[in-house]
Amino acid sequence: MNPALAQQLIDSAYIVATVFFILSIKWLSSPTTARRGVLVGEIAAALAVIATLSNPELTQYKWIIISLIIGAAVGIPLGMVQMTAVPQRTALSHAFGALSAAMIGIAEYYVGVGHLTRFGMGEIGLEVIIGSLTFTGSVIAAGKLQEILPQRPIVYKGQNIVSLSVLAGALLLAVALVVNPSNTILFPIMVVVALLFGVLLVTPIGGADMPTVISLLNSYAGFSAALLGFVLNSKVLVVAGALDGSSGFILSVIMCKAMNRSFTNVMFGAFGQVQTSSAAAEETRTVRSASAEEAAGILAAANKVAIVPGYGMAVAQAQHKVRELYDALTKRGVDVRFGIHPVAGRMPGHMNVLLAEADIPYDRLIEMDDMNSDLPQTDVALIIGANDVTNPAARSDTSSPIYGMPILDVDKARTVMVIKRSMNPGFAGIDNPLYYFDKTLMLFGDAKGFVGDIVRELSGTNSH
Amino acid sequence: MPSDFLSNLYVFILAGFVGFELIKRVSPLLHTPLMSLTNALDAIVVIAAIIIAGRHETRLSTILGLIAVAASFSNMVGGFFITDRMLRMFKTGKQPKKP
């Protein structure tokens, strides 16, 4: 086959792949067509890879095949992780994506150096900076999510100035390279400074902000791939990168809104740090607690129950017990629905996946706004491992650090039950006035054990 | 400005709009699979990595290319795999349960 024809065939394959990518995301919009979306995505990826391997420019295959095998050997186990570990897997995949984009950009620089245009150098510089900082940032995020690194924000005085100076340094080096692209000493320094900035960017961000950070890193990883498409003049990369980048961007906006925070606040605010001032004085207020037997009685007598799960439920591995509770109540004719806050879990949509894994039908998983319009007609709201997303102070207390954050209005339900280990404030260290309401019953204990006890009580009364 | 840059910019802007319109419609139920799927699609950088590694221009570019091949291909394989695994878990209450 002559090279020109081969190139045309390869380009056609890329066009088909691009169309399939768009269809893939289109079909992901609903659970009924989503798996078809994955299938066309796989076909597109396979087509593009096979077309590329048939490129006549390639002179060696052995090492490429070996690298592909290594990639598959790493990717498959990472695809088999538990659902609780999906956030760290995702962060790691952002790291890998950014790593490969950065590596290719660096290789392009060294291959092209000597005949790079200033414009081309600018593209490579920006691409390598974003790729590098996303790589180290994502590795740190994965480390925090895996709890290898401390979850609490790590802060020091003057931190923001230091971080921003490092970023400015990387950008200045890129500008210097645009002025003189052949200055090969500056290039590796620029890469190292960008890598350092990635570390500084994510280290001060606390665990509670991980859903936003992971989305933002997703967006950076996408945009670095799109920029690589500019560098290599590859439209399929531009499209795939733009889709991934805009997806990450939209998710970050949704996450920010769900926490009533701005991007700058997430990046520079170090949330979950300094707010316990008002809580201490109110320790003496009384709470009402109940036993599993009483809780089971109230739940069994209800018509409508709303369960509000938080990440604490997943930490306690209680989702399968929650499923048993759902079954037991549904069998008695109780209408059970799950209210899902957008930031429940550690990445966007995480709670839905955790509950779906426990075989809870997805039509029972209700978004926050829909749930809120239904909560006033709900008999019992049962909160398992969630705290801040149910805190009514977010609506009323202007001094609260979470004031303005949209919450699930569980206090509108007739009875509120909260499963909690103790009265210690939650992840962000904010006191929750909900626990002191007259209609609130505290169910003290481990989530998994307590839900198990309720299920046992329910099945016990059933057999009479 | 080079003409390649402008045509790429057109594509980027249009794809950005398409992405925005499509992703807005994805149910929040599926935001986690969305992220892992777009990640797998993004791993298409593997094709650029294969070209860099396979052209064998310098030793350095080949090594960097091979690292990129392994890193992006692991995302491609793992991303599609875990997305499908997650989506298989999403069932409605009406479907008959498997024994």
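I looked up the buried residues of helix 13 of chain A and found A:Gln319, A:Val322, A:Arg323, A:Leu325, A:Tyr326, A:Ala328 and A:Leu329. Buried means under 20% relative accessible area, with exposed over 50% and partly exposed in between (1.4 Å probe, protein chains only). The model is predicted: local features need pLDDT of at least 70, side-chain atom pairs count only at pLDDT 80 or more, and totals for chains, interfaces and linings use all residues. Residues are numbered from 1 along each chain as its sequence is written, chains are lettered from A and ligands numbered from 1 in the order in which they are written, and side-chain values use heavy atoms, without hydrogens and water.

I checked the span of helix 13 (residues 319-331) of chain A: its 13 residues reach 18 Å from first C-alpha to last, close to the 18 Å expected at 1.5 Å a residue (1.5 Å times one less than the number of residues). Helices are DSSP runs (H or I, at least four residues), numbered from the N terminus. A:Gly333 follows helix 13 of chain A and has a positive phi, near 85 degrees.

I then turned to the interface. Contact (heavy atoms within 4.5 Å) takes in 102 residues of chain A and 82 residues of chain B. The two chains bury about 8000 Å² between them, 75% of it on carbon and sulfur atoms; this is accessible area (1.4 Å probe) lost on being put together, summed over both.

I found three salt bridges between chain A and chain B (side-chain nitrogen of Lys or Arg within 4 Å of a carboxyl oxygen of Asp or Glu). B:Arg55 and A:Glu57 form a salt bridge at 2.7 Å, N to O. Helix 4 (residues 86-112) of chain A gives the largest share of the side of chain A that touches chain B, 16 residues.

Conventions. Helices (H or I, at least four residues) and strands (E, at least two) are DSSP runs, numbered from the N terminus.
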